[in-house]
Amino acid sequence: GTTRKGRTREERTRDMGSEEAPPNLQALVLCSSVSGLVLRSGQVDFCSWEAAGKPRTVLNLRFEADAERWKQCRYLHARKENDTEMYNTGSPETRAWLQTVFRTLQDHFDAEGEKAFPLLIHCFSGRDRTGIVCAMLQLILGASEHAVFASFNLDPESKEDDKRRAMFKTALDGLRPTRADWKKLDCDPDANPFGQPPLQHYLRKAVNVRGLQAVFAKLQTVPNTQ
């Protein structure tokens, strides 16, 4: 409905910010010594900065730009259409997008250091594009494939989530080097399928995987203070 000031409730919520958290907001589990540094969620257009976890950086993966209402943080944008092609991580287009995402993050971390955190990564629903990027970040920081799947919060009774689980499996498979590339990397694919060499091979020279790992190795839990 329309308020007495002639604006809809939706418009007032956009201006003021709802105290409800954005959809699917959760802290990403990275390692035991670092908590609350990376958040993931759906769109943030209608919530307050406080309700979104007080991020210092917002990485938007939607094609559309954010409203950029929060003055307390820096906005980054690595746009991607919401289509099933994002799960085909072996395609040149998706690979180039992921390289852009992590190059954008690395440049920002290099410039801002600890002040870049907490980091909020979001798309529209907080599941697909966000899920792929967060999965890759977890793998870069040493998470197991099992831990990555656990973070997706997929419902074992949901047919829709069954399809999504299969697509995520396809996405993870696409990050692995080919058999010929494994020989060049001189490492055991069974012992370390998502270690530094294969992920560096996937991201090529666009991103320094060891550099990203070093950023998080220096961090402790950062207080959410304004």
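**Salt bridges and a helix pair**

Mentor: Let's start with Lys169, which is partly exposed at 38% relative accessibility. Partly exposed sits between buried, under 20% relative accessible area, and exposed, over 50%, using a 1.4 Å probe and protein chains only. Keep in mind that this is a predicted model: local features need pLDDT of at least 70, side-chain atom pairs count only at pLDDT 80 or more, and totals for chains, interfaces and linings use all residues. Residues are numbered from 1 along each chain as its sequence is written, and side-chain values use heavy atoms, with hydrogens and water left out.

Trainee: OK, and which side chain does Lys169 meet in a salt bridge?

Mentor: That's Asp173, at 3.3 Å, N to O. A salt bridge here is a side-chain nitrogen of Lys or Arg within 4 Å of a carboxyl oxygen of Asp or Glu. Asp173 is partly exposed too, with a relative accessible area of 34%.

Trainee: Where do Lys169 and Asp173 sit?

Mentor: Both are in helix 5 (residues 159-175), four residues apart, so about one helical turn separates them. Helices are DSSP runs of H or I with at least four residues, strands are E runs with at least two, and both are numbered from the N terminus.

Trainee: How many salt bridges are there in the whole structure?

Mentor: A search finds 12. One of them joins the side chains of Asp45 and Arg62, at 3.2 Å, N to O. Asp45 lies in the loop between strand 2 (38-41) and strand 3 (57-60), and Arg62 in the loop between strand 3 and strand 4 (74-77), so the pair ties together parts 17 residues apart in sequence.

Trainee: Is Arg62 buried or exposed?

Mentor: Buried, with a relative accessible area of 5%. Asp45 counts as buried as well, at 9%. Arg62 also meets Asp66 in a salt bridge (3.3 Å, N to O), and Asp66 is buried.

Trainee: Which residues are linked in a network?

Mentor: Arg127, Asp128, Glu160, Asp161 and Arg164, through salt bridges.

Trainee: Switching topic: at what angle do helix 3 and helix 7 pack?

Mentor: About 140°, with the axes of helix 3 (residues 129-140) and helix 7 (residues 196-203) 10 Å apart. Axes are lines fitted to C-alpha atoms over the stretch in contact, and angles run from 0 to 180 degrees between N-to-C directions.
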